[in-house]
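Please work through the following exercises with the sequence and the three-dimensional structure at hand.

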Amino acid sequence: MPRLAAVVVGVVVAAALLASQAVAASDDDADDVVRLSTEDLMKAFNTALITLYTQHKVGVSPRDQEATLVPDCWPDATLYAWPGEPKGLLQHILSTGEYHVGLDSSAGSQAVNVTDMVITMIAKHYNQTITVVPHVVANDTALWNALDSGTIDCTDIQYELGGFGLNERRRLKWRPTCSVSCKEYHPLASFRDRGINSVDDLRLSINTRKYHGLTSKIGTVGAANTQVLLQMFDAQIYEYHTETLALQAMRNDSSMLAAMVPTSFKNDTSLAWYDLDLWTPLVAFCRDFVNDTLKVKHSEVDYLQEHETGNEDLARTYEAAVMALISGGDYVSIFTGYNIPGVQQMGDCNVKQSGYSVPTPTEGTLQKVIRDRTFTVGDIPYPSAMLNTSDPNAITGPLHAINLAIVNWITRQFDLPSPILLKYKLFPDLIDVYNALDDGTIDATANHCYPGGTTSIGGGIVLGGNLDLLSNRYRGVCTAGAVDDIVLVRKSSGIQSVGQLYSYLDTHNAEKLGCVDLTVPALTMLRDYPKMTTWYFESVAEAVNGLLTFNETFLPAVLMPAPTHANQVLPAGITSFTSHVWDSWTVFFRRDKVDSCGDSVLDAGLDEECEKGGSHCDDATCKCENGFAAKGNGSCKKVHHVNAGFIVLGVVVGLVVLVAIAVVVAVIVAIPFIRRRYLKEGSLRMRLAMFRNRTSNHW
C-alpha cells in the first residue's frame with residue numbers, strides 16, 4: 001500500500017506540473033497595471049459623473065444662452081450602479097490611494113476640477129481616500145503613450161471624442177467616459193470680395209474651382225481643427241501656429257478661400273464670418289476593457305456562427321460611408337431636401353486619411369451583407385419626420401435617405417454587380433429590436449438610436465439584474481448629426497426663450513415638463529428642479545392638446561424635436577423657441593465574439609499565437625524585450641506560442657489520474673469483501689476435500 005500511494009502522489013504531481021505549464025503558456029503578468037481591467041473604474045466614473053451632472057455640479061448650464069448640451073448618457077443617476085466588489089484598476093486605485101490623470105499643458109482648470117469632483121465622489125462612496133496625481137505632458141503623443149504604458153490611469157475630461165491618437169481613432173483604441181459637455185468649432189472667415197459668406201458658398205466655390213482644375217485651400221490652427229476641416233471640405237488644409245498667420249496666408253494667397261482668424265478681427269468689414277455648425281463631445285479616455293479571450297488563428301474548427309463575426313468590419317464600413325457623405329456635403333443636403341432645418345454635424349468622428357477604410361477580406365456579417373445583397377435594419381413602427389416607419393411598405397424621411405446612400409456607397413466600394421437592398425424589419429417593442437440584433441435576425445438597428453441609452457431604458461434589456469450602457473453592450477457608430485430641440489409654450493405665458501422659461505420655473509411650483517420622444521433632453525433641462533417630473537406625449541397633437549387643456553403651473557412647457565415641428569402647423573395660441581439641448585442619433589451593431597486562444601483540445605498542434613498588450617520597451621526607440629514583438633508607437637506585444645500539446649497531455653494525464661484514483665479507492669473499499677469471500681471459499685474447499693477423502697475410502 002505505501003508503494004501504491006507513492007505512485008498515485010507522483011502521478012498527481014506530474015499532472016499538476018503539466019497543467020501549470022499549459023496555464024503559464026497562455027497567461028500574462030497579472031500584476032501589470034496595464035493588464036488590469038478598467039471596466040469597474042469606468043462604471044464608477046460614469047456613475048459619479050452623471051450624479052454630479054444631475055446635481056448640476058458639472059457640465060454647462062442650459063440657462064446659458066450660448067451653451068449647447070448634448071448628453072450622451074441617460075441623465076438619471078438612479079439608473080447607474082456602483083460596482084459592489086471593485087475589481088481590476090478600480091481596486092488598484094482604492095488600495096494605493098492614488099488616481100493618475102493625464103493632461104496636456106493647455107488643459108483648462110474647469111476640466112481638472114471635474115476630474116477632482118468625480119474621484120472625490122468615488123472615494124467617498126467606497127470610504128477611501130484617493131489623491132488625484134496629475135501628469136502634465138508636453139504633447140498629444142506623450143499623453144497617449146502614458147495611457148498605454150500605465151503611467152496614467154485615464155486622461156482628463158477635456159479631450160475630443162472624435163479625434164485621433166497615435167494615428168488611431170481614439171474612440172476605438174481607448175474607452176471614453178460619458179460626455180457632459182461639448183465645444184463648438186471655431187468659425188471660419190473669408191474675404192467678402194471673393195463671394196463667400198457661408199459654408200454653402202465655400203463648398204460651391206471649392207467645387208467650381210475643382211471643375212476648372214484649380215485647387216482650394218483653407219487655413220487653420222491645431223490638429224483637431226485640421227481633422228474637422230478635412231472631414232467637411234474637399235480642399236487642401238494648411239495648419240499654422242497662430243490664427244494671425246492663417247489670416248496673413250489667406251490675404252496673400254487667393255486660392256486660400258477661408259481661414260480660422262483671430263476673433264479680434266470680428267469688426268473687420270472686409271471679412272465674412274460663418275459658423276461651421278459642428279460640435280464635438282468632450283470626454284475622458286481610459287484604457288479599453290481587458291480582453292483575455294483572443295481570437296484563434298489558424299483554426300480548422302470554427303465554433304462561431306456567421307453573425308457573431310464580421311460586425312466590427314461592417315460598422316467600420318458604415319462609418320467610412322458616413323464620412324464620405326459628410327465630406328462630400330451630401331449629409332446636410334439630404335436634410336435640406338426634406339425641409340428639416342437646424343441639423344448640426346457632430347464631431348464625434350473626425351476624418352483622417354487612414355482613419356476610415358473598407359476592410360478586406362470580409363467575414364461574418366459583412367460577408368453575408370455582400371453575398372446576399374441585403375442590409376437588414378431593425379426598428380419599431382413610428383411616425384417620425386426623421387424616419388417614418390409607420391407604413392413598412394413606404395419608409396420615408398432623411399435618415400432613410402441616408403441609409404440608402406450608405407448601402408449604395410458600399411455597393412460601389414465592393415464593385416458589386418447588383419445593388420445591396422436596404423430592408424427594414426419592424427418589431428412591436430425596442431426590446432425585440434435588440435433581441436433580434438443579438439440573434440442575428442437583423443444586421444443593425446435603425447439610425448436614430450440614442451447613443452447614451454441604457455440596457456433598461458434604451459432597449460428594455462437588463463443584464464443579470466444590472467443596468468449597462470448600450471454603448472458597452474453594442475458597437476455604436478459615429479453620431480454624425482444632431483438637431484436643436486424646441487420648446488412649446490402658450491403665447492399668453494409671455495415666455496419667449498429658455499432663459500425666461502427658467503425664470504418662470506424659479507418663481508412657480510410647476511409640476512410637469514412635457515416631452516415628445518425626448519425624455520433625455522427633458523431630464524437634462526430639469527436638473528435644477530428635482531420636484532418636477534416629465535410627462536411623455538405620443539404625438540405633437542397630444543402635447544399641444546395638453547398645453548391647451550391644463551393650467552400653466554401644472555404643465556408650463558413641452559419639449560419636442562425640431563424636425564417634427566418643421567412639418568407641423570401649431571395652433572394660434574402656441575409658440576416655440578429653441579432649447580439649446582441637442583438630440584443626437586446613432587446606429588448599433590453587434591460586438592464580435594472570439595474564440596479563446598488555446599482553450600480546446602481540438603486546438604492541438606496548431607501552435608496558436610496569443611498576444612497581450614504592454615510597453616516593455618528597453619529604450620526610447622522601443623527595442624522590445626525578449627518574448628515581445630514590436631507593436632508600434634512605443635508599445636510591445638507579448639508573443640506566446642501556446643503549445644497545445646501541453647493542454648492535450650494535461651487532459652490525458654488528468655484522466656489517467658482520475659482513473660487511477662478511482663481504481664485505488666475501489667480496491668480499498670473492496671478488500672474486506674474480497675477477504676471474506678476468500679475465507680468462505682477456502683472453508684468450503686476444505687470440507688469438499690474431506691468429503692472426497694471419505695468417499696474415496698468407501699469406494
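## Exercises with solutions

Glu319 has a relative accessible area of 0% and is therefore buried, where buried means under 20% relative accessible area, with a 1.4 Å probe and protein chains only. The model is a predicted one, in which local features need pLDDT of at least 70, side-chain atom pairs count only at pLDDT 80 or more, and totals for chains, interfaces and linings use all residues. Residues are numbered from 1 along each chain as its sequence is written, and side-chain values use heavy atoms, with hydrogens and water left out.

**Exercise 1.** Determine where Glu319 is found and which residues are in contact with Glu319.

*Solution.* Begin with the element: Glu319 belongs to helix α10 (residues 311-327), helices being DSSP runs of H or I with at least four residues, and strands runs of E with at least two, numbered from the N terminus. Then leave aside the neighbours within four places in sequence; Glu319 is in contact (heavy atoms within 4.5 Å) with Arg169, Cys349, Tyr356, Arg475, Gly476, Val477 and Cys478.

**Exercise 2.** Identify the disulfide of the structure, and explain its hand.

*Solution.* A disulfide is a pair of cysteine sulfur atoms within 2.5 Å, and the structure holds 1. Cys154 and Cys286 form this disulfide, with sulfur atoms 1.9 Å apart. Next, locate the partners: because Cys154 lies in strand β3 (residues 154-155) and Cys286 in strand β15 (residues 285-287), the pair ties together parts that are 132 residues apart in sequence. Finally, the torsion about the S-S bond of Cys154 and Cys286 is about 100 degrees, so the disulfide is right-handed. Both Cys154 and Cys286 are buried.

Terms used. Buried means under 20% relative accessible area, exposed over 50%, partly exposed in between (1.4 Å probe, protein chains only).
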